[in-house]
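The following note sets out several points for a colleague examining this model. Please read them alongside the sequence and coordinates.

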Amino acid sequence: MSNARLIDRFLEMMSAERGASRNTILAYRRDLEQAAELVRGSLGDADAAALRALMAAYRTLAASSAARKLSALRQFFAFLEDEGERTDNPALDIARPATRRPLPRILSHDDVDRLFAQASEEAAGEAAPANAMRMLLLLELLYGSGLRASELVSLPRRAVAGERQFLIVRGKGDKERLVPLSDRAREALDRWLPLLADGTPWLFPSGKAHVSRVRLFQMLRELAARAGVDPAGVSPHVLRHAFATHLLEGGADLRALQMMLGHADIATTEIYTHVDSRRLVELVNRRHPLAQMRAVDVAAPSA
């Protein structure tokens, strides 16, 4: 079977069975088509030696890029194995390039407080501009619910569920999840909803569609400048990181945080634990059974 047909079948499976996003499908197609060009003969027949030579050709790439290409190969050969096209997965014999995941940038509690103080002041009163009330709600949902920028701006009006305790969010891979709404977010939402035009399908409409991610980024930085916070350090993703980090600092459960962030793998969520080492030490000193024992209770008996 031709390389093109094997790759097409694999990508059809990724889309239909695993709900892979369009961007993921495009990235896998690029990686596999490039691999097919570099491997002599059929990619589906490649052995471990051929794949080692292929990965050697990627040595000039960033480790993260090479690791992504290897991941595509592993999944491709796993698919061929499941389909009975092969009896092994040669990509499993290839060592994964060492990668170092960068630590997320976050905002301090003081910076977050300044952002909210500015947004709240601008949205105060019955005569507050609609744009100010929209900005306050956007900020509440970014920091209060940890939404991705793309998830936030594309929220449909019907995303507000039931008694407004949750939002129904459609995230990566077209998967839906429930995200809790804070009391503050509900208050901002209650002020914003009556301002929406009848019939608009979006929670944050703009023209014929919704507010763009670029515009959200611009509005956040403009707010940061007015609040006296360095705009260069503020973005929707930084606020999402701050949401996760500050929740962990407050004692949130890692699994619950994984669900709220919409991470498929808890390993992605675990990156936020780097900021929590001091709290963990304090937790052991305060909660461990030995911490409740007096020094005299654990001292060795005298001879």
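1. Arg5 and Glu12 are joined by a salt bridge, with 3.7 Å from N to O; the term denotes a side-chain nitrogen of Lys or Arg within 4 Å of a carboxyl oxygen of Asp or Glu. Arg5 is partly exposed at 38% relative accessibility, and Glu12 is partly exposed at 45%. Here buried means under 20% relative accessible area, exposed over 50%, and partly exposed in between (1.4 Å probe, protein chains only).

2. This is a predicted model, in which local features need pLDDT of at least 70 and side-chain atom pairs count only at pLDDT 80 or more, while totals for chains, interfaces and linings use all residues. Residues are numbered from 1 along each chain as its sequence is written, and side-chain values use heavy atoms, with hydrogens and water left out.

3. By the salt-bridge rule, the count comes to 16. One network of salt bridges links Asp8, Arg29 and Glu33.

4. Asp31 and Lys69 form a salt bridge in which the closest N and O atoms are 2.9 Å apart. This pair links distant parts of the chain, 38 residues apart: Asp31 belongs to helix α2 (residues 22-38) and Lys69 to helix α4 (residues 63-82). Both Asp31 and Lys69 are buried. Helices (H or I, at least four residues) and strands (E, at least two) are DSSP runs, numbered from the N terminus.

5. A salt bridge also connects Arg184 with Glu140, at 3.0 Å from N to O. Its partners lie 44 residues apart, Arg184 in helix α8 (residues 183-192) and Glu140 in helix α6 (residues 130-145). Arg184 is partly exposed at 44% relative accessibility, whereas Glu140 is buried at 5%.

6. The buried residues of α4, among them Lys69, Leu70, Gln75 and Phe76, pack against α1 (3-18), α2 and α3 (48-57), contact being heavy atoms within 4.5 Å. Just after α4, Gly84 has a positive phi of about 80 degrees.

7. Phe166, Ile168 and Leu178 make a nonpolar surface patch of about 250 Å². Patches are made of residues with over 30% relative accessible area and no salt bridge, like charges being joined within 9 Å and nonpolar side chains (Val, Leu, Ile, Met, Phe, Trp, Tyr) within 5 Å; accessible areas come from the Shrake-Rupley method with a 1.4 Å probe, and for residues only the protein chains shown count as cover. Phe166 lies in strand β2 (residues 166-170) and is partly exposed, with a relative accessible area of 37%.
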